[in-house]
Structures are given as structure tokens and as C-alpha cells.
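Have the model open alongside as you read.

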Amino acid sequence: YVKNYDQLATNDNRKVVLDLIEEAYASISPIEVFKKDFSLTDKILKIKDKTFDLSNFERIFLIGFGKGSAGNCKILEEKLGNILTEGFDIDVVEDPSFAKIKYTKGTHPLPSQENFDFAKNITDKFSNLTEKDLVLIVTCGGGSVLFDVPHVFTLNQMIEVNKALLHCGANITEMNTIRKHLSKVKGGGFAKLLYPATVANLIFSDVPGNDLSVIASAPLVKDTTTNRMATAIYEKYKLKEYNALTPADFIETPKEEKYFAKVYNILMLSNLTALNAMEKKARSLGYEVYLMTDRLQGDTRTMGEKLINETP
């Protein structure tokens with residue numbers, strides 16, 4: 001993974017650091033992740049600790065969204081082969097040349113008509129599923145922007161909303177709380193739309209702490225936030241000054257348990273995956289290891305001092 005390893009490894013300490021970096025990258029390589037945690041044998045599909053008997057389903061669909069979803073969907077397409085009925089993906093990379101999956105190149109960090117058209121097509125196409133359908137979802141970071149169906153806003157209005165959120169100082173949890181209450185698919189809205197199909201949501205986290213209710217604005221996770229909470233964030237960051245939205249624009253996310261009974265949210269990897277791999281490698285090299293946190297975030301001007309002071 002480190003292409004200039006030999007050039008950089010000029011002493012033993014540098015070699016250790018580079019070896020740890022190599023171990024981290026290897027642990028989050030999609031090929032390695034699927035080799036370890038995804039298998040299909042005689043119609044028995046295993047994804048980490050979940051098992052699905054594919055003989056119980058008449059159709060199997062694959063939907064991917066977010067940065068990195070194309071590479072993951074490419075691997076899944078190859079593993080599923082002819083049993084895949086149909087697939088769709090949106091990412092920001094160039095066309096990955098899928099065999100069966102229909103690909104859309106979207107935009108991030110601001111939405112575009114391509115993003116909206118993709119999401120609208122998905123919601124239209126998958127609005128009449130049955131209990132005999134299995135839907136595999138690949139959810140990656142950036143999914144909040146790449147997969148969205150606003151309940152009232154136009155594209156230009158949503159661009160202004162996202163600009164406001166990016167500049168107001170809100171953290172990712174707060175931003176996604178606002179986003180969830182402006183959308184038909186976020187905050188569990190997509191789970192409601194896919195009901196009563198069985199859904200396996202493969203999550204590739206970019207959120208510190210891996211709160212599943214935050215990643216990609218949680219289209220398949222039962223939402224615990226409310227309109228009141230969204231309004232509080234709106235007021236906290238004085239979003240009224242941006243003239244992008246009002247509390248009256250918020251809608252409530254679905255709370256009925258039935259929509260989530262057959263939705264399996266599976267965390268495939270996160271930064272903790274890489275941290276654990278580095279820790280294991282360092283111990284094998286004879287080092288004492290202190291894993292401080294997998295959710296470090298804050299002002300860069302103060303976090304360096306915090307790291308130094310908290311290291312045992």
C-alpha cells in the first residue's frame with residue numbers, strides 16, 4: 001500500500017510506523033473485508049454474524065450509495081453472480097464498468113440533479129417489494145448527499161441548505177439530524193419504503209464512534225431524533241440567518257417498529273477496524289499499546305495538546 005516504502009524506511013522506527021500503516025490499510029481493504037466477512041455457499045449467504053437462506057427469496061437486489069460504494073458493489077456483483085436480479089449504485093468515481101449494476105456518477109459535498117434523479121429512480125422502482133425480496137444495501141460515507149429525496153425542497157434549495165450546514169459550525173451528528181427531517185429516505189425513511197422486503201445493510205462507517213443513526217443520515221436505521229431536536233439545532237446555530245430553511249420545513253421520521261423488523265444493519269468496517277489491526281501488529285512487534293479512542297474529533301489547535309496530555 002505504501003508505494004515508496006523502501007525510500008521512507010530509513011531506520012528501524014520508521015519501518016515500524018510504515019508496517020503499522022500497511023497493516024491498517026490491509027485491514028480496511030474491501031477485498032480483505034469481504035474475504036473475511038462475506039461468503040455464499042449453496043444459497044446460504046453469511047455476512048459477519050448474519051445468515052440468509054437465499055432459497056427463501058425470489059429476487060435479490062443490490063443498491064449502493066456513498067463514496068467507496070462502487071468498489072464494494074463491484075466485489076459484491078462478482079460474488080453474487082447470476083443470482084443478482086438487478087443493481088444500482090451512485091458514487092463520485094469514474095464508471096467502474098459493472099457487468100449488471102447500473103451506475104451513476106454523482107456529486108459531493110453538494111447535491112446535484114444526478115444525485116436526485118438516482119434517488120428518485122430508486123424510490124420509484126423499489127416501492128412495491130414483497131416478502132420474497134432480499135435487498136442488499138452498501139452504505140458509505142457521503143450517502144447523505146448522494147442519496148436523498150427531499151420531501152419539499154428543490155435542488156437549488158437543498159444546495160443552500162447543505163451550504164448552510166457546512167458553514168454554520170454544526171458537527172456531523174447535528175447536520176444529519178437536520179437532513180433526516182427534510183427527507184423522505186433519511187432517518188429510516190428508506191426502510192419504510194422497502195418494507196416488507198428483507199434488507200441487509202452493509203455499512204462502511206466514516207463517523208467517529210460508528211453511531212448507526214448518523215452514518216449517511218441513517219436511511220435504514222430507526223431514528224431517535226425528533227422535529228423538536230432538529231428545531232433546537234436550527235436555533236443553536238442561528239440557521240435563520242442563512243435563509244435556507246425554517247422549522248416548518250421539517251417532517252417527522254418513521255417510528256413504527258414494523259418497518260425495521262427485517263432490516264439488518266451490519267457494520268462492515270470503520271476506523272476502529274484499522275486501529276485494532278495496528279494495535280495487534282504493534283503488540284506482535286513487542287510494543288506496549290494504548291488505544292486512546294476511535295472517535296477523536298475537535299479543534300486541531302487543541303487536539304494535539306489533548307493527545308499528549310492523555311497518553312499514559
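What follows takes the helices, then the sheet, then the loops.

## Ground rules

This is a predicted model, so to speak of local features pLDDT has to be at least 70, side-chain atom pairs count only at pLDDT 80 or more, and totals for chains, interfaces and linings use all residues. Residues are numbered from 1 along each chain as its sequence is written, and side-chain values use heavy atoms, with hydrogens and water left out.

Helices (H or I, at least four residues) and strands (E, at least two) are DSSP runs, numbered from the N terminus. Axes are lines fitted to C-alpha atoms, for helices over the stretch in contact, and angles run from 0 to 180 degrees between N-to-C directions.

## Helix α8 and its partners

Start with α7 (residues 155-167) and α8 (residues 172-180): their axes sit 10 Å apart at an angle of about 160°. That makes α7 roughly antiparallel to α8 (under 35 degrees is roughly parallel, over 145 roughly antiparallel, 65 to 115 roughly perpendicular, and the rest oblique). Asn162, Leu165 and Leu166 of α7 make the contact with Met175, Ile178 and Arg179 of α8, where contact means heavy atoms within 4.5 Å. By class, that gives four nonpolar, one polar and one charged residues (Ala, Val, Leu, Ile, Met, Phe, Trp, Tyr, Cys and Pro count as nonpolar, Asp, Glu, Lys and Arg as charged, and the others, Gly among them, as polar).

Now for α8 against α10 (residues 227-236): these axes come within 9 Å and cross at roughly 120°. That makes α8 oblique to α10, and the crossing here is left-handed. On the α8 side you'll find Glu174, Thr177 and Ile178, meeting Met229, Ala230, Ile233, Tyr234 and Lys236 of α10. The class tally for this contact is five nonpolar, one polar and two charged residues.

## A three-stranded sheet

The open sheet runs β1-β2-β3 with antiparallel pairing, and two strands pair if DSSP finds at least two bridges between them. Its edges are β1 (38-41) and β3 (50-53), each pairing on one side only. From one strand to the next, the twist averages 15°.

Between β2 (residues 44-47) and β3 there are four bridges, and Ile44 has Asp53 as its bridge partner in β3. Helix α3 (residues 30-37) packs on this sheet, touching β1 and β2, and its direction makes about 50° with that of β1.

## Loop details

Two cis peptide bonds are worth a look. One joins His108 and Pro109, with omega about 20°, and Pro109 is in the loop between β6 (101-105) and α5 (113-125). Another joins Tyr195 and Pro196, with omega about 10°; Pro196 is in the loop between α9 (189-194) and β8.

Pro208 is partly exposed at 28% relative accessible area (buried means under 20%, exposed over 50%, partly exposed in between, with a 1.4 Å probe and protein chains only). Leaving aside neighbours within four places in sequence, Pro208 contacts Asp294, Arg295 and Gln297. That loop also holds Asn210, a non-glycine with a positive phi of about 60°, and Asn210 counts as buried at 12%. Ala216, in the loop between β8 and α10 too, has a positive phi of about 55° without being a glycine and is buried at 7%.

Terms used:
Left-handed = near helix turned anticlockwise from the far one by under 90°.
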